[in-house]
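Dear colleague,

I am passing on the structure we spoke about, and I would be glad if you could read the notes below beside it.

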Amino acid sequence: MKNIFKNMAPYWKLIILLIVLLLVQAFCDLSLPNYTSAIIDTGIQNSGVEHIVSEKYTAEDYAKTQMFMTKQEKKDFTAVYRADGEYYVLDTDDAETLEALDEELLVPIILIYQVGQMEEDELQAYEGQTLDEATLEKIRSSAQQTVDAMGSQTAMSTGVAYAVACDKAAGVDVDAIQKAYLWHTGFKMIIMALIMGAATICVVYVASRIGAGVGRDLRGKVFRNVVKFSNKEIDRFSTASLITRSTNDVQQIQLVSTMMLRMVAYAPILGIGGIIMVIGTGAHMGWVIVLAIVVIMGFVFSLMSIAMPKFKIMQKLVDRVNLVAREILTGLPVIRAFKREDREEERFDEANLDLKRVTLFTNRVMTFMMPVMMVIMYGLSVLIVWVAAHRIDEGIMQVGSMTAFITYSMMIVMSFMMLTMLSIMLPRAGVAADRIAEVIEVKPTIDSPEQITQRTEKKGVLSFQDVAFRYPDAPDNVVEHISFTAKPGTTTAIVGSTGAGKSALVSLIPRLYDVTEGAITLDGVDIRDMDIKELRGAIGYVPQKGVLFSGTIASNIKFGNQGASDDEMHKAARIAQAEEFIEEKEERYDSPIAQGGSNVSGGQKQRLSIARAIAKNPEVYVFDDSFSALDLKTDAALRKALHENVSDKTVVIVAQRLSTILHAEQIIVLNEGKIVGQGTHEELLKTCETYLEIAKSQLSEKELGLDTGREEN
């Protein structure tokens, strides 16, 4: 949760705007049930009359209405009426004054209404009487108890019924009042609905914008940090897991962030507002809502306790499926060559079925949520109607109040449902956020130092000084006690049997890994003290496995030097012996290259990789067995072109084929991670048994010049 909120922090201004919009939406949402209640209670049942004082009285009703009023009440009552012939007309439309009269005159008007409902013989007992204060107080006290038992709304309805009767007796068009009220209230409802609709659209837009922004930022942070990762960090997370984290995990957080802003922020506002409105209805049925919430929370917590552990497992299984799929797609040629399609399908099915089982389990658990929630909601509605029906029958509640209470109850329950439904999604998003934070917070072990050392001169002198290296978490060194110097204008070759540590050694030069012991210097400066961009800018590295990017031939050659001219690009292709096959293509340098260079051969891929390094024009060239896919003729032509065109550069070559490095000024022979020979080809034939064995395995004794002495003897 902490990581999810941290990701949204940069969007605090939009979040404030969102909260304002949610308040507007909630206000409109909470107002609509009141209007519905008003239409039912006032517009329909009370004929559109809102106050207990009539618009117009006959002289008889005017006098009768004052029968049970105190002196002060009579004074306040008569103050708002003026005589108009034989009628008394209401002389004010001030809402506050009328509401004050509603509260002040409720008891005496209900009393006179009750008197009007009496039988004729009972009514005669009151007619013509002047009530003394004691009798009046006794009658009013009894009436006040009745009002308290009825509830203010029902009592008001009774008073309004008397006002309607008086209006009709005075010739007031009550139907016109009712229609006007219904139209007026309905228009307000339409306005509120339109405002709520506009607010809802804006809320969705702002929430989606924040969610999309969070997703964009996370993907950017993950990518920018992963690009800086050394092989150590890549090995720690695995490529498949990094892909899942930057896609599926980010998508989970983006979705939950959007829903959280729309639901989690809205649910408390709606729930609290609903509770306030429920209290305002005076229905006294809060226990019904409390019961529903307790049932919902108990049910949801039960589901969460079952489903939550599975969410953590699910993300790891997504990693697993991604890993297997990636391995299969990458190794399709090998799989086909060894007829392993069936076994690989089984392997993928195993990973896929594991994910399917966990996903189905969680989905099946979650399928219980909506049906049970619906049962609870409809059960709540039935319970409210059942309880309210008794209250309406007893005259202490109105139909409109019941309708409003049901609506507000549904809002409160829905707000809890929003929170609980999101709480089911949060665990998975929380796991995703932690996984992403784990990647973002990892500091690459290989980066520029705080104090950068600048080179005084840039010649390209590369020196290994008693270097040792072991892979992370490995018990033993891969190479150790490596010391040699590669100078500009010379070629340094590294040879050895498979697993001798050749590729590991050259991977230390561009700091794909850092040395464990010793130091590597470039022009006298430890490469760990250099700015890593400057270091890698000074090196043209061609890896053992040629890697091309989707685009064109031109974009791949210029990959390391975007500012290279077309002439420089053509020269690099010509040196790398790639010009011939490029010219044969219809679009030449604009010919498309598929992802990974899958639409070119291995030899062509190597030549384009070499051309890319040459176009960069670095100080040091590092070729990690980059000529293995070339035929002998192309290999010889490429070496000759390199010698002619990069004679002032430092060249380091890892080679399996001795014909590639016969004329190297310096050959380093590795065996089990240690230097066992160092010198020229001729010197090593005489002094290094390991080199001699390698040479004999590839070249004849005649080619090596070893049979001359035998013939002489």
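How are helix 10 and helix 12 oriented to each other, roughly parallel or roughly antiparallel? Before turning to that, please keep in mind that this is a predicted model. The axes of helix 10, residues 174–228, and helix 12, residues 239–264, come within 8 Å and cross at roughly 155 degrees. Since angles over 145 degrees count as roughly antiparallel, helix 10 and helix 12 are therefore roughly antiparallel to each other. The crossing in which helix 10 passes helix 12 is right-handed, and the contact of helix 10 with helix 12 is made up, by class, of 13 nonpolar, seven polar and two charged residues.

Helix 10 also meets helix 2, which covers residues 12–45, and the axes of these two helices come within 8 Å and cross at roughly 160 degrees. By the cut-off of 145 degrees for a roughly antiparallel pair, helix 2 and helix 10 are therefore roughly antiparallel to each other as well. The crossing of helix 2 and helix 10 is left-handed, whereas helix 10 passes helix 12 in a right-handed crossing. In the contact of helix 2 with helix 10, the residues divide into 27 nonpolar, eight polar and three charged.

As for helix 10 itself, its 55 residues reach 80 Å from the first C-alpha to the last, which is close to the 81 Å expected at 1.5 Å a residue. At the start of helix 10, the backbone nitrogen of D175 has a side-chain oxygen of D173 within 3.3 Å.

Turning to the sheets, one of them is open and consists of six strands in the order 9-12-13-6-14-15, with mixed pairing. Strand 9 (539–542) and strand 15 (674–679) stand at its edges and each has a single partner strand, so one side of each is left without a neighbour in the sheet. Neighbouring strands of this sheet are turned against each other by 15 degrees on average, direction ignored.

At one end of that order, strand 14, residues 666–671, runs antiparallel to strand 15 and is joined to it by five bridges. Within this pairing, I668 has Q678 of strand 15 as its bridge partner, and N671 is partnered by K674 of strand 15. Strand 14 and strand 15 form a hairpin with two residues between them, and in the turn E672 has a positive phi of about 55 degrees.

Another open sheet has three strands in the order 1-3-2, and its pairing is antiparallel. Here strand 1 (56–58) and strand 2 (81–84) stand at the edges with a single partner strand each, so one side of each is left without a neighbour in the sheet. From one strand to the next, the twist averages 25 degrees. Strand 2 pairs with strand 3, residues 87–90, in the antiparallel sense over four bridges, and A83 stands opposite Y88 in strand 3.

Finally, there is a set of pairings that involves strand 7. Strand 4, residues 462–469, and strand 7, residues 517–522, pair in the antiparallel sense over five bridges, with A468 standing opposite E517 in strand 7. Strand 7 also pairs with strand 8, residues 525–526, in the antiparallel sense over two bridges, and the bridge partner of T521 in strand 8 is D526. The hairpin of strand 7 and strand 8 has two residues between the strands, and D523 takes a positive phi near 55 degrees there.

Conventions
Residues are numbered from 1 along each chain as its sequence is written. This is a predicted model: local features need pLDDT of at least 70, side-chain atom pairs count only at pLDDT 80 or more; totals for chains, interfaces and linings use all residues. Side-chain values use heavy atoms; hydrogens and water are left out. Axes are lines fitted to C-alpha atoms, for helices over the stretch in contact, and angles run from 0 to 180 degrees between N-to-C directions. Angles under 35 degrees count as roughly parallel, over 145 as roughly antiparallel, 65 to 115 as roughly perpendicular and the rest as oblique. A crossing is left-handed if the near helix is turned anticlockwise from the far one by less than a right angle, and right-handed if clockwise. Ala, Val, Leu, Ile, Met, Phe, Trp, Tyr, Cys and Pro count as nonpolar, Asp, Glu, Lys and Arg as charged, and the others, Gly among them, as polar. The expected span of a helix is 1.5 Å times one less than its number of residues. A polar contact is a pair of N or O atoms within 3.5 Å; within protein, one must be able to donate a hydrogen and the other to accept it, and residues adjacent in sequence count only if both atoms are side-chain atoms. Two strands pair if DSSP finds at least two bridges between them.
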